[in-house]
Amino acid sequence: MVGILNRVGMFISTTGTGSVTANTAISHKFLTPAEAGAVNGEQYFWLLEEGNDFELFIGTWTLAGTAVSRDTVLASKIGGVSGITKLTLAGNASLRSVAPAEALRSLAAGKQAVWIPASAMAARTSNGMASGTVETTTNKVMLKTLDADASTQEFAQFAITMPKSWNEGTVSFLAVWSHAATTTNFGVAWSLAGLAVSDDDALDTAFGTAVVVTDTGGTTNDLYRTAESAAVTISGSPAALDTVFFQVARVPADAADTMAVDARLHGIVLFITTDAGNDA
């Protein structure tokens with residue numbers, strides 16, 4: 001829970017191991033500049049965080065025991081839902097004042113997408129994907145890919161030293177790929193696994209469990225994107241500024257992988273979650 005006084009001055013946040021819950025459902029809503037300007041200077045502007053949802057509304061607060069109540073509500077902009085009158089502090093959560101810079105950093109945190117092109121990956125020495133270069137026929141668009149076999153599982157790897165703002169949790173991914181001409185059966189399965197390595201850790205350590213995502217092509221030299229995968233758990237007890245090694249593979253043994261020609265990997269989009277707006 002973060003609050004802003006007149007949009008610039010005072011911030012309030014919860015701290016401790018408890019949680020903050022509301023007595024009704026909350027959905028996304030931000031005040032527009034015009035809405036905020038209409039009441040600026042009259043009361044507090046509050047930004048409420050409930051899980052991944054953020055709500056901005058106007059009012060004042062009192063704390064009585066474990067109940068935090070809004071005394072005066074000038075306007076309520078919570079997804080069109082009115083009547084949220086009380087929050088409950090659970091456990092030993094409490095209210096505290098924080099600097100504006102700290103609050104703004106927390107607002108900038110969240111899910112981030114990182115593009116990893118095939119050209120930034122290294123084919124594994126054993127069972128590695130083949131490097132591929134394709135020029136399209138008419139407009140001469142150059143494609144730099146890693147090509148994965150239809151019958152033997154092949155791999156490529158890349159490494160990222162994660163930012164301090166990474167929450168050290170699970171990641172997810174989607175694969176961007178294409179294929180050459182083939183007549184039937186266009187299914188492909190891609191997997192990703194991760195390993196976090198801290199200072200003075202052994203490099204020769206097992207990756208975490210690979211997570212598979214599937215897709216279906218169909219048109220020669222079209223670009224395809226898979227759906228976002230399920231959560232990928234990274235082995236090695238991730239810590240701040242760890243170098244995380246990722247291994248991507250085609251999975252011909254998967255029942256959904258039916259395409260009889262090489263699948264061309266253009267890259268992956270890696271999704272990480274940050275819990276700060278910068279790495280200070």
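Mentor: Start with Asp-257, which sits in the loop between strand 19 and strand 20. Strands are DSSP runs of E with at least two residues, helices are runs of H or I with at least four, and both are numbered from the N terminus. Keep in mind that this is a predicted model: local features need pLDDT of at least 70, side-chain atom pairs count only at pLDDT 80 or more, and totals for chains, interfaces and linings use all residues. Residues are numbered from 1 along each chain as its sequence is written, and side-chain values use heavy atoms, with hydrogens and water left out.

Is Asp-257 buried or exposed? Its relative accessibility is 9%, so Asp-257 counts as buried. Buried means under 20% relative accessible area, exposed means over 50%, and partly exposed lies in between, with a 1.4 Å probe and protein chains only. A polar atom of the Asp-257 side chain lies 3.0 Å from the backbone nitrogen of Ala-189. Now set aside its neighbours within four places in sequence. Asp-257 is then in contact with Gly-187, Val-188, Ala-189, Arg-250, Val-251 and Pro-252. Contact means heavy atoms within 4.5 Å.

Compare another aspartate. Asp-200 is in the loop between strand 16 and strand 17. Asp-200 has 75% relative accessibility, so this residue counts as exposed. Its backbone is worth a look too. Asp-200 is not a glycine, yet its phi is positive, about 70°. Most residues other than glycine have a negative phi. Leu-241 also has a positive phi, near 65°, and is not a glycine either. Find Leu-241 in the loop between strand 18 (224-225) and strand 19.

Five strands form an open sheet in the order 11-14-19-16-17, with antiparallel pairing. Strand 11 and strand 17 (211-216) are at the edges with a single partner strand each, so one side of each has no neighbour in the sheet. Two strands pair if DSSP finds at least two bridges between them.

Strand 11 (residues 122-123) runs antiparallel to strand 14 (residues 155-161), and two bridges join them. Ala-123 has Ala-156 of strand 14 as its bridge partner. Next, strand 14 pairs with strand 19 (residues 243-250), again antiparallel, over seven bridges. Ala-156 has Val-248 of strand 19 as its bridge partner. Ile-160 has Val-244 of strand 19.

Stay with Ile-160, a residue of strand 14. Ile-160 and Asp-242 are 82 residues apart in sequence, while their C-alpha atoms are 8.3 Å apart in space. Beyond its neighbours within four places in sequence, Ile-160 is in contact with Ile-116, Asp-242, Thr-243, Val-244 and Leu-270.

Now look at the rings. The structure holds two aromatic pairs. One of them is Phe-158 with Phe-246: the ring centres are 5.1 Å apart and the planes are at 20°, so the pair is stacked. Rings of Phe, Tyr and Trp (its six-membered ring) pair if their centres lie within 6.5 Å; planes under 30 degrees apart are stacked, over 60 edge-to-face, and the rest tilted. Phe-158 is in strand 14 and Phe-246 is in strand 19, so the pair ties together parts that are 88 residues apart in sequence. Both Phe-158 and Phe-246 are buried. Beyond its neighbours within four places, the contacts of Phe-246 include Ala-156, Phe-158, Leu-192, Phe-207, Ile-234 and Leu-270.

Phe-246 leads on to the core. The largest nonpolar core has 33 residues, and those with the most contacts inside it are Met-121, Trp-190, Phe-246 and Ile-268. Such a core is a set of buried Ala, Val, Leu, Ile, Met, Phe, Trp, Tyr and Cys residues joined through side-chain atoms within 4.5 Å. Several strands each supply at least two residues of this core, among them strand 14, strand 16 (187-197) and strand 19. Strand 20 gives the most, with five residues.

Last, step back. The protein has two helices and 20 strands. Of its 280 residues, 39% are buried. Among contacts between residues at least 6 apart in sequence, 74% join residues at least 24 apart.

Methods
A polar contact is a pair of N or O atoms within 3.5 Å; within protein, one must be able to donate a hydrogen and the other to accept it, and residues adjacent in sequence count only if both atoms are side-chain atoms.
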